Amino acid sequence: MNKIEIYEKLRQLISKEAVLLDEPMNKHTSFKIGGPADIMVIPESVEQVQWAIKVCKDNNIPYFIMGNGSNLIVRDKGMRCVVIKIADRFKDVIIEGTKVVAQAGILLSTLSKKIMAKSLKGFEFASGIPGTLGGAITMNAGAYGGEMKDVIKGAKVLDQNGEIKYFSLEELELGYRTSVIQTKGYIVLEVEIELEKGNYEEIVAITKDLTERRTTKQPLHLPSAGSVFKRPTGYFAGKLIEDSGLKGERVGGAQVSELHSGFIVNVDNATAADVLGLIALVQNKVRENFGVDLQTEVRIIGEE
Ligand SMILES: Cc1cc2nc3c(=O)[nH]c(=O)nc-3n(C[C@H](O)[C@H](O)[C@H](O)COP(=O)(O)OP(=O)(O)OC[C@H]3O[C@@H](n4cnc5c(N)ncnc54)[C@H](O)[C@@H]3O)c2cc1C
């Protein structure tokens, strides 16, 4: 089947607005970088996710699941696959007592506000992470001493055979920026979170403080994918990069942030090649100076 035939097949169950041909990925990544995806699907129900997977499997077409694109570097040639974007059309939430059940596409910032309105505490750390709940589980996202692992009870996922399964916290195998979702290629559909009753004013104050720390220490005014590298054991990536004299270093339109050396920012229409070139330069210099191998936290995808 060619691209148009796959498109027509997907359209049998999914509306025109939600199946996009040759969609530029720079419109869907926080880095504002990335060539076109052959097809992008933005499902609004579990059935539509299952349908997209079935069409891909039946026709031997690779697919890639994304959320808000805040941890992705998409190469300049784009993606020769169907990108299934589980985001803003898939965001229902139910809060009952201290239990929250939310669909994977909701943004953490939106979910945090809903949780705050119910005076539930424990989710403040996530309020400034610019991803979806599904992306956050996959990456076991964390900040300021908290991580998704601390608040999750379990998740409804789609396995490789298109079957819906419930995974408990243990089964999700959440580790430092990893999970079984990532290693096995499952799809997060819905997440169960357990929090504690708290004091509304205190929750607001903690959230405000964390927002302020983020806005003063991170280059949020420029496109990026957050911290590029994982924290190496015993070190901080940002410090190693700064101590290597690389603060402000540039390759094309990509720059090591002047504000936070762990971030690479898109200062002037950077290409993925610019960012990847700068990543390689940083890794080489840090290895040379400190003998430390920096591993990327961001996911690098797309045609090479
Ligand atoms: C300014 C800035 C600050 C950041 N700060 C932090 C921070 O403090 N802490 C932190 O941990 N991260 C941070 N990040 C990185 C990023 O926001 C997180 O990794 C986030 O969890 C990614 O979510 P996403 O929805 O954008 O996922 P995407 O970037 O779209 O995808 C990330 C990975 O998750 C997978 N994925 C996404 N949704 C699903 C799903 N439903 N089912 C299965 N797999 C899925 C993708 O395949 C991919 O492997 C920051 C990023 C930026 C730009």
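**View 1. Domain 1 and domain 2 have centres 23 Å apart, taken over C-alpha atoms.** The model is predicted: local features need pLDDT of at least 70 and side-chain atom pairs count only at pLDDT 80 or more, while totals for chains, interfaces and linings use all residues. Residues are numbered from 1 along each chain as its sequence is written, and side-chain values use heavy atoms, with hydrogens and water left out. The protein is divided into domain 1 (3–85), domain 2 (93–204) and domain 3 (219–301), with bounds from an automatic or database domain assignment. Contact (heavy atoms within 4.5 Å) joins 11 residues of domain 1 to 12 residues of domain 2.

**View 2. Helix H1 (residues 3–11) packs with helix H2 (residues 46–58).** Helices are DSSP runs of H or I with at least four residues, and strands are runs of E with at least two, numbered from the N terminus. The angle is about 150° and the axes are 10 Å apart; axes are lines fitted to C-alpha atoms over the stretch in contact, and angles run from 0 to 180 degrees between N-to-C directions. H1 and H2 are therefore roughly antiparallel, a term for angles over 145 degrees. H1 contributes Ile6, Lys9 and Leu10 to the contact, and H2 contributes Trp51, Ala52 and Val55.

**View 3. UniProt lists Arg177, Ser227 and Glu297 under "active site" (unreviewed entry).** They span 121 residues in sequence, yet no two of their C-alpha atoms are more than 11.6 Å apart, so they gather at one spot. UniProt annotations may be inferred rather than shown by experiment. Arg177 sits in the loop between helix H5 (169–172) and helix H6 (180–184).

**View 4. UniProt places "domain: FAD-binding PCMH-type" (unreviewed entry) at residues 33–198.** The span is 23% helix and 34% strand, and its end C-alpha atoms lie 40 Å apart.

How values were computed:
Parallel < 35°, antiparallel > 145°, perpendicular 65-115°, else oblique.
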